[in-house]
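User: Please take a close look at one helix in this model, and then set it in its wider context. I would like the criteria stated as you go.

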Amino acid sequence: MRSIEQYDISPLTGFLPSTPPLRRLPQAYYAPWETLMDDFNGLLLAGRLREKVHKLPLLDPSQLNTVEEYRRAFLVLCMICHGYIWGKLETASEVLPDNLAIPWTKVASELGLNPVVCHAAVVLWNYKLLDQDGSIDLSNLSALSTFSGSTDEAWFYLTTVSIEYAGAPSLGHILQAIDNVKDANYAALKKNLEVIRDCISHMTGDLKRMFERCDPYVFYWKIRPYLAGWENMAEGGLPHGVIYEGVDPTWSTDEYADMSHLKGHYRKYAGGSAAQSSLVVALDIALGIKHRPTGSCTAMPSPEQKNTFFMAMRQYMPRPHREFLEDLEESANIRPLILQLEDQHRAGGVLTQEELEIIEVYNACLHELKLFRDKHVQVVTMYIVNQARKQCPVTKQSTIQTGLARSIGEETEIVRGTGGTNLIPFLKQSRDETTETKIDLTKTTYSLSDSLQSWSDWILRR
């Protein structure tokens, strides 16, 4: 693998940028975007955002000079575009005007992203330090942009920033662990795994803080709707998706024109999702956790049985981070070593104390990741599932109330995430798959599914 920095990953901040994101674009040319963002929350609340957008000039992103500027432009356009599409007590717009669609698509392409709100936009590139000399800590963070203007929304993003920062040290130790497995340096490998274990524990500690200042009611009814994309959003008023005007084949704005040919030119994208965090995916890959299709009971999925949602979400990660995960998949060797030691134990061989300690701390990493997923299930239940079963708090129906933020009957079991998954079964299975990956040397009998997890079979299935 390349050095961690070559994947746009910092040894100190992980997938967060090595320096805080830009607060504004420096070029006067992009002042129309930044000026609109100055009044963004007020315009959205007053129902005047679309009016202002229609007066925006069509700006060329080619005047952006650095990746930091492209990230800032992407965040700005994500906020404006999602505000425009979903509105405030307005019917969803299935057409994104060219003065937004064209630059947004170009900026997204430069970053290796889809033109839609994603984890990178609202988390990785959406914070500022209150004390420039201070650390990335919840007591020293503020959000650059929110849809609602609420502290609840800012806290939701910033808690996730702190989780990313807490897990950052694990990434360098994952790469060191790969080298230490190759060199059979078990003492160093154990230290790597201990750091990874502690990082995951700190991530869970930060996730628990979500409850402090983000109210479930505000999140579900006021924030979450704007994080939705336009895939599987018929109930939100976008049955076909969204047309990116000026990007896809030319179409007529004549109200009497035949529009039937347009169906193939709608774009469908998932919205922001925690599954778009490269950090958690990297931990899964490093520890050898395999995720099968939701509802599948196969112990060890074949390549054809991988969870397609996890794979699809990689397209919503910045290109360098996606490449890191791809290369990590090819290089990850911690679990093959652990399985080799397990096979040796099964065959009657005696493991050294050092080897037993490696298995112990490996299992501890999995346990901490299981606890993190336990807490995530609890958060999702409180912030989404429980809220979805409550009555809509407003009487005037709109897209925002009938799309992702809507009441469902008690008998309804499916509550979908912004990424489109059936939330609770998906999250619980991901947690259970984490637990299933643990190694139990005390077992005296093994099932067929256990035998399929040998190190040689793991290698062959990659």
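Analyst: Of the contacts in the protein chain with a separation of 6 or more, 77% join residues 24 or more positions apart; contact here means heavy atoms within 4.5 Å. The model is predicted, so local features need pLDDT of at least 70 and side-chain atom pairs count only at pLDDT 80 or more, while totals for chains, interfaces and linings use all residues. Residues are numbered from 1 along each chain as its sequence is written, and side-chain values use heavy atoms, with hydrogens and water left out.

The secondary structure of the protein chain amounts to 19 helices and four strands. These are DSSP runs numbered from the N terminus, a helix being H or I with at least four residues and a strand being E with at least two. Of the 462 residues in the protein chain, 54% count as buried. Buried means under 20% relative accessible area, exposed means over 50%, and partly exposed lies in between, with a 1.4 Å probe and protein chains only.

The expected span is taken as 1.5 Å times one less than the number of residues. H7 has a kink of about 35° at Gly167, shortly before the proline Pro169; the bend at a residue is the angle between axes fitted to the seven residues ending there and the seven starting there. In H7, 23 of the 32 residues are buried, so the helix is largely enclosed by the rest of the structure.

Asn180 belongs to helix H7 and is buried, at a relative accessible area of 11%. Apart from its neighbours within four places in sequence, Asn180 touches Asn185, Ala188, Leu189 and Asn192. After H7 comes Ala184, with a positive phi near 55°. Ala184 sits in the loop between H7 and helix H8 (186–208). Its positive phi of about 55° occurs although Ala184 is not a glycine. Most residues other than glycine have a negative phi. With 49% relative accessibility, Ala184 counts as partly exposed.

The 13 residues of H14 reach 19 Å from first to last C-alpha, close to the 18 Å expected at 1.5 Å a residue. Its buried residues include Ile334, Arg335, Pro336 and Leu337. H14 is followed by Gly348, which has a positive phi near 95°.

Another non-glycine residue with positive phi is Asp8, at about 60°. Asp8 is in the segment before H1 and is partly exposed, with a relative accessible area of 33%. The Asp8 side chain makes a polar contact of 2.4 Å with the side chain of Arg71. A polar contact is a pair of N or O atoms within 3.5 Å; within protein, one must be able to donate a hydrogen and the other to accept it, and residues adjacent in sequence count only if both atoms are side-chain atoms. Arg71 lies in helix H4 (residues 67–86) and counts as buried at 8% relative accessibility. Beyond its neighbours within four places in sequence, Arg71 is in contact with Asp8, Pro17, Leu111 and Trp125.

Asp248 is placed in the loop between strand E4 (243–244) and helix H11 (278–287). The side chain of Asp248 makes a polar contact with that of Arg267, at 3.0 Å. The charged end of Arg267 also sits over the ring of Tyr244, 5.2 Å from its centre. A charge sits over a ring if NZ of Lys or CZ of Arg is within 6 Å of the ring centre and within 35 degrees of the ring normal. Arg50 is placed likewise over the ring of Tyr84, 5.5 Å from its centre.

Last, the aromatic rings. Rings of Phe, Tyr and Trp (its six-membered ring) pair if their centres lie within 6.5 Å; planes under 30 degrees apart are stacked, over 60 edge-to-face, and the rest tilted. This rule gives 17 aromatic pairs. Phe15 and Phe324 have ring centres 6.0 Å apart and planes at 70°, so they are edge-to-face. This pair links distant parts of the chain, 309 residues apart: Phe15 precedes helix H1 (31–38), and Phe324 is in helix H13 (residues 319–331). Both Phe15 and Phe324 are buried. Phe156, Tyr157, Phe211, Phe219 and Tyr383 form one aromatic cluster.
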